[in-house]
Amino acid sequence: MTPFDLAEPRTLREALALLDPSDATVRPISGGTAVMLMMKAGVLRPRRLVSLRAIDGGLAGIGLEPNGELRVGAMTTLADLERAEVVRRGWPVIARTLRTLSNVRVRNVATIGGHLAHGDPHQDLPPVLSALGARVTIAGPKGERTVPVEGLSTGYYETVLARDELVTAVIVPPLGKKRAAYLKCTTRSADDWPALGMAVVLETEGDAHGTANAVVRTASVVIGAATDRPTRLAAAEGALRGGRTDDATLARAGDAAADELAVVGDTRGSAAYKRQLARVYLRRAVRAALGGKG
């Protein structure tokens with residue numbers, strides 16, 4: 001690695017002041033699991049890293065807002081999020097997703113703010129949080145703004161964050177009676193980067209004893225890893241809404257998902273392979289959500 005300066009501000013204001021909107025070689029660092037790998041590979045050569053670990057009061061913490069929303073501080077580690085009882089009770093799909101997100105060593109260090117700000121399209125949480133309708137709060141020199149997680153990424157390793165802005169928190173609406181699942185297809189171990197990740201959030205009515213005859217009132221379907229950013233599958237959502245969760249409806253929704261995708265092939269699968277995965281994994285994810293196993 002090339003030499004660099006390490007700044008350790010004590011307040012959020014100091015951290016923002018140390019960032020330079022015109023200098024791409026000044027970067028914030030939270031957990032550092034991705035940044036350090038990029039530096040070791042020579043892909044990233046920062047002149048200065050601004051560490052967020054020493055900020056007084058911290059940017060970590062998990063709690064419920066008065067309106068029932070989940071608020072997660074940006075410096076909260078993925079392991080803490082995975083183990084939080086409030087998350088397991090109210091948003092079990094997040095806890096289940098984290099069990100196969102990389103490995104426990106990474107989850108003990110990586111933070112949710114850094115995870116989202118990194119902009120890697122193969123990550124697991126962005127499609128899940130997008131399907132759940134989550135949003136991030138972003139602090140900058142001009143104040144604070146809020147952006148849906150779905151709109152945070154703009155392409156490979158690119159986000160709407162300016163160089164002098166930081167993610168400070170993630171807000172997740174109540175799941176309530178909706179059912180959610182995230183499934184991913186990996187080419188090696190279960191915690192590997194996915195060839196495709198499929199997140200679904202459904203609101204259904206009827207058929208309390210099975211899954212084939214429930215009627216879908218609302219559907220949120222977001223795919224990851226097959227595209228250059230987490231992508232909402234609007235045609236698949238339309239095919240699900242108002243229909244029963246039988247084989248015919250799921251087949252139509254799967255075909256709609258495959259047809260509307262601008263698939264990106266990579267070392268984990270060709271575009272044609274990932275398009276077929278979209279068909280298969282949409283059906284599986286809906287079944288997993290209805291069965292409470294996603």
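Visitor: In what order do the 3 strands of the open sheet stand?

Guide: Happy to show you, and please keep in mind that this is a predicted model. Across the open sheet the order is β1-β3-β2, and the strands pair in parallel. At the edges you will find β1, residues 5-7, and β2, residues 26-29. Each of these two has a single partner strand, so one of its sides has no neighbour in the sheet. On average, neighbouring strands here are turned by 25 degrees against each other, direction ignored.

Now look at how β2 is held to β3, which covers residues 48-51: 4 bridges join the two parallel strands.

The largest nonpolar core has 38 residues, and I94 and L129 have the most contacts inside it. Leaving aside residues up to four places away in sequence, L129 touches I94, I112, L116, A134, V149, V170 and V172. Apart from that core lies another, of 30 residues, including L196, M198, A226 and L250.

L250 also leads us to a pair of helices, as it is one of the α10 residues that meet α11. Helix α10 (residues 247-260) packs against helix α11 (residues 271-290) at about 140 degrees, with axes 8 Å apart. That angle makes α10 oblique to α11, and their crossing is right-handed.

Notes: Residues are numbered from 1 along each chain as its sequence is written. This is a predicted model: local features need pLDDT of at least 70, side-chain atom pairs count only at pLDDT 80 or more; totals for chains, interfaces and linings use all residues. Side-chain values use heavy atoms; hydrogens and water are left out. A nonpolar core is a set of buried Ala, Val, Leu, Ile, Met, Phe, Trp, Tyr and Cys residues joined through side-chain atoms within 4.5 Å. Buried means under 20% relative accessible area, exposed over 50%, partly exposed in between (1.4 Å probe, protein chains only). Contact means heavy atoms within 4.5 Å. Two strands pair if DSSP finds at least two bridges between them. Axes are lines fitted to C-alpha atoms, for helices over the stretch in contact, and angles run from 0 to 180 degrees between N-to-C directions. Angles under 35 degrees count as roughly parallel, over 145 as roughly antiparallel, 65 to 115 as roughly perpendicular and the rest as oblique. A crossing is left-handed if the near helix is turned anticlockwise from the far one by less than a right angle, and right-handed if clockwise.
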